Structure formats: structure tokens, C-alpha cells
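Subject: Structure handover

Hello,

Here is the structure I said I would pass on. My notes on it follow below.

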Amino acid sequence: METIQFNLNDKAVQYDGSATDRLLDALRDTFCCTSVKCGCKEGECGACSVLLDGKLVNSCCVAMGAVQDSSIVTLEGYRETERFAVLDKAFAEISAVQCGFCIPGMVLASESILAANSHPTEEDIRVGISGNLCRCTGYNAIVTAIMKAAKEGNGLW
Amino acid sequence: MEKISQSVVKKDHAPKMSGRSIYVCDIDKHGILCGKMLRSKYAKAKLLAVHLPELPDGYYYVDRNDVPGDNNVNIVMDDTPIYARETVEYIGEPIGMVCGPDESVCENILSKIQIDYEELEPMLDLRKADEAFFNYEYGKGDLDKAFSEADKVYEEEFGTGYQDQTYLETQGMMAEPEEGGRMFVHGSMQCAYYVHGAVMRALGCGPAGVHVHQDVTGGGFGGKEAFPSILGCQVAVAAKKTGKAVRCVFGRREDLEFTSKRHPSLCTYKAAVKDGKVTAMDIDVKFNAGAYTTLSAVVLQRGIICADGVYNIENLHVHGRALKTNTTPCGAYRGFGAPQTFFAVEMMMEHIAKDLGEDTLEFKERHLVKQGDSTSTSGVYHFPVPIPAMINEVDKVCNLRAKHKEYAKPQTGRYRKGIGISMHFHGAGFTGSGERDFIKAVARLHKYKDGTVEILAANGEIGQGLRTTFPKIVAHELNLPLEKVFYDHPDTSRVPDSGPTVASRSLMTVGELLRRAAIKLRTEWEDGKDQMVEERYTEPDFMIPFYLDKFQGDAYPTYAWGVQAIEVEVDTYTGISTILGAYASFDVGTPMDYNIVMGQMEGGFLQGIGYSSIEYMDYDAKGRIRNNSFSDYLIPTSVDVPNMKCQLHVEKYPFGPYGAKGAGELPLVGAPGAYVGAVEQALGGKIRLNHAPFTAEDTIKVLTKEDA
Amino acid sequence: MVNGYAPANLQEALEIRRTRKVVPYAGGTDLMVKGTKDAVYLFLGKLPELIEIRSDDQYIRIGAAVTYTQALASDLVPALMKEAISRIAAPAIRNAGTFGGNLGNGSAKADSVLIDYVADAKLRLTSVRGERIVDVAKFYLGRKKLDLADDELITEILLPKTGLENYYYKKVGGRNALAISRVSFAGVILMDGDKIARCSVGFGAVADTVLRFPELEAQLIGKTLPEAKKRKEELLRQYSEKLALTKGRVSAEYRKAVCMNLLRDFLTEKGI
């Protein structure tokens, strides 16, 4: 079996390239998931965050060989969910989106926080997004938006 | 709250939130050539020859020999080359570009290129630098008299370092030859018309030969004011040569090392004090411009105009120079020269007060300018100066005055606290008569037959919300629902030049043009008819003309004001300062959207905190920037700062839309004085700090010295 | 797969390790940043033998591919180890980073490795030829040099079950998250009645390897706290001499000052 098989946003897919290729590059170039952004290529900014088997990871630090038989969720898949709709509404009401480049990573980090703890404290949220750099907002609005989503989550998490 | 200030859902929220926004790096790479830069490895050298390997089919090398027009990028002046000329002037200077379909093949070609250099001696030490790109001097009053009559004279030197904008989306530009010969240039930028003008000159064609469009831009902060003109020319020349679309997107390391940053500074302040008051200041400002002039003239102008801060110093002399060093050329970054001098003046006042045995806040308060006072350049503060009220507002939120007195007492033990205060302003808009004489902003409204209205202007959405606030103004004036008014990313083939997205001018200046245009449209409105209205900038009557040669007059029509307090706890064992609280009151006039303006205040405040504390960047003895990755150049994460508490104090500016003033840059400017002042207070005793960033390492150094 | 092997179990992995030139890949968070060209990766992250945290009568046994997040959720992992790994980078890195990778990277900045040192951890190194148990301090031969044969894999970290409860830990980085350690310090005291039975002190990120000085620690063994207190200044003086540090990302003076401050504070806090 030369190809690498995995599940991407609820679809079975396969990858024909090298097992050492970055997941980030495969997602963007081969699978056209351009919501996954490259901010640094060194695992230091979180712009490329995706969910790998439900866990938040920096896709620039994952080699394709490691995703064999795994499931990957990017914003392209996540944005179809009810949970996303709650986050979307909260971020919109707080105007937490400025330039937008950190946002796909922030959204998945938000999901990661709320999936582990449906009623996080501000401290929990700040730790949860501590691997996602944002230069525009100063983080206040993003933290407030995630708190709001948790409150309005309606038992979704 | 004014109706216009009520927050709305941002018009570009949905595509950005859902990940659908296409930034220039997201465009499908098929059919596009990837461009990779060949860069100088020396800080100063003669470029003797470039030896290329055999290039595979479909791969090209582009350099200055391929520039159809002038090998100059117009950024105020014309000394920045598109591709290096006979000499290279800084490590990383672009010599050429390798383009081809596969990025790794391009990198491989790059690694095989041999360059013959003749190494020359670079100038790297700002203290020794002797070539001043710009040299300005101005003053007022009688300096000599004040110094001769002084009770005491103080002199101190202050320094600030680089700051990198670290927009999350790195620099990226693409050029595509259009059918019919026009060159289409698009990408991440702030000023579409700057790029347009520069590319015209590079290609040696008229305005109709170049079409520039701003793509969704992932942050700018000034870093994409002028730099995209350089990259735009580089890809345009490559596209012209190859006949194909060429895209160049920087990696983060490349961006950190080789793109424009905040000017490092060295400022010497001499102050005369008589009867407990500062009567004169003699200030020398040195900015490290790097290898080419780019925006240094304007950055220096603003820096020296702000040199005496918010204080009424009747006898003043300021001398400023932007000095050449063989390092990455510095440029625009939020604050644009002001953070450097505001830091210096705040610390100077702090130190004088301590020497006189006074509470430093009370000492500063006694010197505050008031409405009607003369500015540093003998203009007038025409509008209210609400600093005293703003200090009270911050005091209410954090107990500023009480803590400031408490922490001034001697502290022992491992953990020590301090609270620092800074007061500052930001001159709203372009310095002097630039708006009237150079920019000459034009904005239009196009009303379609279906009753929707499109705003035609050149100011770019870079996260600060123009795609929402511009339509809010127009919709408000036309009494239309917000959905019927829209503002797209600037496209030079469709919009007039309303000036650059800089100097905190977009909302205040262009927003006001749009408001007037909307009023005009309202009076001329005809249902079902396709209509266009236009407004041109006129300078407000009250302004005292500004003469740049003498630095006299109203440098700015009005000022945004800020008071910031930062409370820290210093761990004397590790040198780490934890920020316990960050508080501010900002007067930016009427907010066009409360959430959007708060987002700007908070974002700018944190950038200022980073600048003061952890964003250390410097070059080594060869002139190479060492902090060239995100693990070495550190910006604040969400756990490096608590929830910042900002509030808006509104003093309406009659010539801004509904009273709005320039807002974007203000919140960064005052942070260094507040942060370093806080650390200084925490460390106590005779410790006096004089540079930013002031890191944990600096703290241990100072403590070790104290103990010795 | 091309340029990679995804063995189904440890035996398969060891066979490949023996016969091919491969780079062991557990979480990938260090490897992928280095980005070695032309590497062939041996993917270990899902091997059943390497992803368990177990306890037997002697040790807490952490599989080499156990991630930090997994360890933080486990009741078996000592609190001191959790202190250190909870401060590694950020959640996304902790979700992927592993104990084996932290060791295999060979860096003195490795946060879990400092604790391994201070805990006198042992490492299980396995190959098709068998296995050996090595003290972590002997595993590091110098800057980025490991006592690891080309056919060996780190398979398990063995921590003592008790004795790490009375600890002191401090990580000093450039900021509060996404920070590589500039100085890290861990100290553990174990009392036997009123006498000090064990004292181990480790300094991370300040030299080519983690630093421990058992000969200095030995001066406190068998002493009561008041007796130890009498020796404190002399001990600190000896530590100061031993800590001949050089410049890294921060100055030698900074490293030295912080190490000595934390050491003194640790001793004081523990009653010495």
C-alpha cells in the first residue's frame, strides 16, 4: 500500500506523496484546504492548527506518514457543524475577527477547549489558545467570544 | 452612545471566520511561477558577478538587467533599488529572483548560484554612523537663557530597539501580465496606489499600464505601507520578463530578517529645571534608518515633533537625524517614530521627578499642555486636552495614584511591584500639509440603479474594519440599511486615490470625505438612476500652515490622547516581570464602531507591551539579524497579559466624521513609558532604566549591579 | 508509503530500525522543525507497546510515544513531571510531543529530561538484539550526543514510584507559553525521619546537557535540616564554582545568576 489513507473532514482520502511531506502542505496544495494557514512553519504560531484524531496539532509539524488511518478536521469541515455556528455567532457579536489570518487556528483551538471543558474559566481559555498567536486583537475579544460561545453552547459541548 | 458607535457585525466577518477568505498565498499555484529571492550575504560589498547554473526549462533568473523602466522603487525618494545595483548595502538585499513552477527546484537553483563579491567595510554601529540621510532641527523660545538660569541641568540617553510588525500573514505579492499588455499586480498591502506608482516607474509605462488590487490582507501595522511596493516591482519585472504570473510569498524567517521594521533609536535629553519645573529641553534624536531612505524622513519628522511629549516646554531645541547603517532598511510601524521619543521623554520626566524627590505622576501633571498652549512646533493645541480627566478615569479603574505612592516605598523580598504611567498623544493624520499638498485625496460614491451604494476609495482593509466603518458612515448619512452599502478591496482600475492607509488617517480624513459625499448624494438622489458623486480633500480653515523647512506651525490638525498604566510584579530571582494589569483611557473622538475601535485599542496596547518587554531583536557584528524565527523573536501570547482594561474618552473632533479622530496608532505609543516605568518602580532604590525593550535579562543585570 | 515506514508493532519497528537508515518519529514536533532533507521516517506514534503508562512494583513506566497531554491526564505520573511538561510550548505541541522525542532530540533544554535527571530515571533502550536499561545521566554523552546505537529505540522511561513529592520547580523562558527554556531548575528532597535521605538538584538549558552534581548533593545526605543549614553557604559556593556556564540565547551571567537564585531559594524553602 504505497498511498497514505486517512479521513479528511469526514471523507476517506488518500495521499500519494512522500511520508515526510508536511500535513500543512498536503492539506493546502493537494486537498485545497486553504483555511489552514502557514504563519511560521515551525510550530510556533498555531495558524496551521487542525484537529488530528480530535486533538489540536500544528499541521506544519506533522508528517504525512503519521496520519495514516487517522482523521483530520479542518475549518472546511468544521464550519458545517452546529458548534461552529455558535462560535461564529459569538465571534461576530464581539467583532473578534480583524485580519482573519489567525482565525481558522483559533476556531479549532476554541473547539479543542470547549470539547475538553464546556464551561472553561478565562484562564482555561487563555491557556487553550496560548499556542495561537494573534497580532491584531490583543486576545481580549477572542477570549470574550469563546466565553460567550461556552455560555450559549446549549449543551452542544 | 452615539448611534453610529453601536457595534455591528463586521461585513467581512463571515468569509474570514469560515476560512473562505483567499489571501494571496491561497491562490492555486498551477500556472503560476514561484519566485524565490537571491540575497546578499554581506552587509556591504561590491557585486562583481553572479554565476548561474544551467537553468532547467521553465525556470528563469531575473535581476536589474531585466527592469524595463527605472531600477528604483519610489518610496518618497528613489534610492531603493528593485534589484541590487553595483553594490549591496545590507545582508539580505535582493540581488535577483529565481522563478519557476516548483518551489524546491527554485531553492535548489538558488543554492547553486555563485556570487563574486568584493567585501567592503559596513557601517553597523549607530553611534559611529556618519551618513545622515535626513537632518532636521527646530526649536522655540530661548534655550541658552533657560539653561543658564537653571537650578539644575539633567542629561540622559535613552535607547529603543527594533520592533517587527509580525503580521500573521507574511509579505506576498503576485504579478500577472493581462491580455492587452497591462500588468496586474495584487497581494498583501496597505496602499494600492503606492504600489501602482512604483510599478509604473519600474515598467516604464503610464498609469494605464498597471492595475493593482489589494487582496485580503492578514495584518499590516505599517509593515505593508511601503514594502509591498518593493516586492510588487520585483514580481512585476519578473512577470514582464517571463510573460507568466509570478508570485513571491515570504517565509517567516525571511520576513523577520529582511523586511522593514521600527527604527531603533538613541535619544539624548538635556533638561533645565528651575523652581521645580522643567523650563527647557535640548533633545538629540538618532534613528537607525538602515541601508536605504524609504520612509525614514517622515518617521523622523514625527519622532522629533513628539520629542517633548505631552509637556509644555517653552524653551525647546530638537535635533534629529536618520542615519544610514548597512542593515535592513527600517520603515513604518504603528506609531511611526513617536513610540521612541515618547518613551524617552516619559522616562526623562520620571527620572527628574525622582531626583527632586517628587511623586513622578504629580510632577508630570504639573507640566501637562492644555488647550490653547503652543505645540513643540509653535502650532496650537486647538482642541481640548483631556489628559487630567483621563488620568482620573484610569485611577478609578486601577487605583493608580494610591498604588503609585505605595510601590514607591522601599521593597524587599523576592517579588516587587510597580505601576507605571504614561501620557501621550498621536498627531492624527499626515504630518504638516502632506494631506493638502501631496495626497489630495479623492473619494467617490457610486449609487447603482437598484439603490445599493458602492464606496470607491483606496484605503485598505487590513483588519482595522474599514470594510465596515466606511459603509457605516455612508449608510448612516443616507439612512440606508448597512447591507445596501458596500466597500471592496481597493482596485486601482476602479477607484480614485483617496490616499494611503497610514498615519491613522483613513477614518478621520477619508471617512469625512465619504460622509460629505453621502450628504451630497442624499440631496441629489434619484431613485432608479445610476449616479456618481465625488469629494475632494480640503484642509480645515483653523490650521496654522506648517512649514517643513522650519518645523513651524500645526504639524497635525488635532491629536488623539492616551493615558496608560501598567502594573507589574518583578521576580528578582529570575528577572521576569509579570503584568498584573494593563489599563488605559484613549481619546480617539467618536468611535465609528465601539467593538472595532476597542479591538484597535487592545491590539495596539498589546503590541506596545510586547515592544517594551519581550520583543528583543538585534543584529550581530556582521549585521545579521539574529532573532529570525518565532522561537527567537517573541511576541505576547494570550497568557502573557491579563485582560487589558481600556476605556474610551470621547472629545469630538469637529472635522472628523461625527467627531472621530485618528485612532489606529495611539494605543501603542505610550506603552513603553508605562511598562519600563513600572519595572523601574518595582526595582526601586536608585535604579534608573533607560531602554526598551527591558527584558528579564536586563533586570537581572541591573539587580546584580545593585547588589555589587 | 514513500520515505516512511509505519510498523504495526515494536518488533516490526525494530526490524526496520536494524536494516534501514531511518529517523525515529514519535510526535514529530522537533523533527519537522529541523526538516532533515532526504530523511526516511520510522513512525512510532501509534505503536501499542509505546503508548502506555504503567506502574509495576518498582517504577512508573512511561512509553516513549506517550504524549505530554496523555501524561497530564494520568494519575500515575508524578506531580513534578506534570509541572514541567505542562509548561512545554502550547496545547498543540503537548498533544503531539512525546517523552521519547524529548530525550531523542538530545537537547539540554528538554523540559521532561530535567525531571528524568532529578528523578534518577532509567531508560529502556531496545533493539532486535535485546534491551538495556541505562541511567538517564549516562545516556547523554555531550552536546546532542546520545548513547543510542543505530539499531536501538528508546522504548520506555522508568521513574521511581515515590520520593518525588517534596519538590521545587521553575521554568524560566522568554514568555509564558511557546517558550523554550532559558533556565530550568528542579530540586527534590526526601527525608528519612529527621535526616535528609536524598537531595537531587538539576539545572536545565544552561549547558550542553542537564547538569547535576551528585558529589555536592552527597554533602547533605544523612544530615538533619539544621545541620544542612550550617553547610548551606559552603554548598552554594561550591555550586557557584561548578556552574561555569557559557553564553547561549541569554548571557552566561544571566544563566548563572538565575541558577544560583533558584538553588538558594529551593534550599531555603525546604528548610535548609
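In which sense do strand E24 and E25 of chain B pair, and over how many bridges? E24(B), residues 577-587, pairs with E25(B) in the parallel sense, over 4 bridges. Please keep in mind throughout that this is a predicted model.

The sheet in chain B

Within this pairing, B:Ala584 is found opposite B:Cys646, a residue of E25(B). Both strands belong to an open sheet of 4 strands in chain B, ordered E18-E23-E24-E25, with mixed pairing. Its edges are strand E18 (415-428) and strand E25 (645-648) of chain B, each of which pairs on one side only. From one strand to the next, the twist averages 10°. Helix H17 of chain B (residues 671-683) packs on this sheet, where it touches E18, strand E23 (558-571) and E24 of chain B. The direction of H17(B) makes about 160° with that of E18(B).

Chain B as a whole

Chain B has 18 helices and 26 strands. Its C-alpha atoms fill a box of roughly 75 × 70 × 45 Å along the principal axes. The radius of gyration of chain B is 25 Å, which agrees with a compact globule, because one of 708 residues would have a value near 27 Å. Of the 708 residues in chain B, 62% are buried. Taking the contacts in chain B between residues at least 6 apart in sequence, 81% join residues at least 24 apart.

Domains of chain A

Chain A is assigned two domains: domain 1 covers 4-76 and domain 2 covers 81-151. Their C-alpha centres are 21 Å apart. Across the boundary in chain A, 13 residues of domain 1 are in contact with 12 residues of domain 2. On the domain 1 side, strand E3 of chain A (residues 49-52) gives the most, with 3 residues. By class, that side of domain 1 of chain A holds 8 nonpolar, 4 polar and 1 charged residues.

Contact between chains C and A

This contact takes 26 residues from chain A and 23 residues from chain C. On the chain C side, helix H2 (31-34), strand E3 (41-43) and helix H5 (91-94) each supply at least two residues. H5(C) gives the most to that side, with 3 residues. The residues of chain C that touch chain A comprise 17 nonpolar, 6 polar and no charged.

Regards

How values were computed. Residues numbered from 1 in each chain as written. Chains lettered and ligands numbered in written order. Predicted model: local features only at pLDDT ≥ 70, side-chain atom pairs only at ≥ 80, totals over all residues. Domains from an automatic or database assignment. Contact = placed C-beta atoms within 7 Å. Nonpolar A, V, L, I, M, F, W, Y, C, P; charged D, E, K, R; others polar. Rg over C-alpha atoms; globule rule 2.2 N^0.38 Å. Buried ≥ 20, exposed ≤ 12 C-beta atoms within 10 Å, placed from the backbone. Pairing = 2+ DSSP bridges. Axes fitted to C-alpha atoms, helices over the stretch in contact; angles between N-to-C directions.
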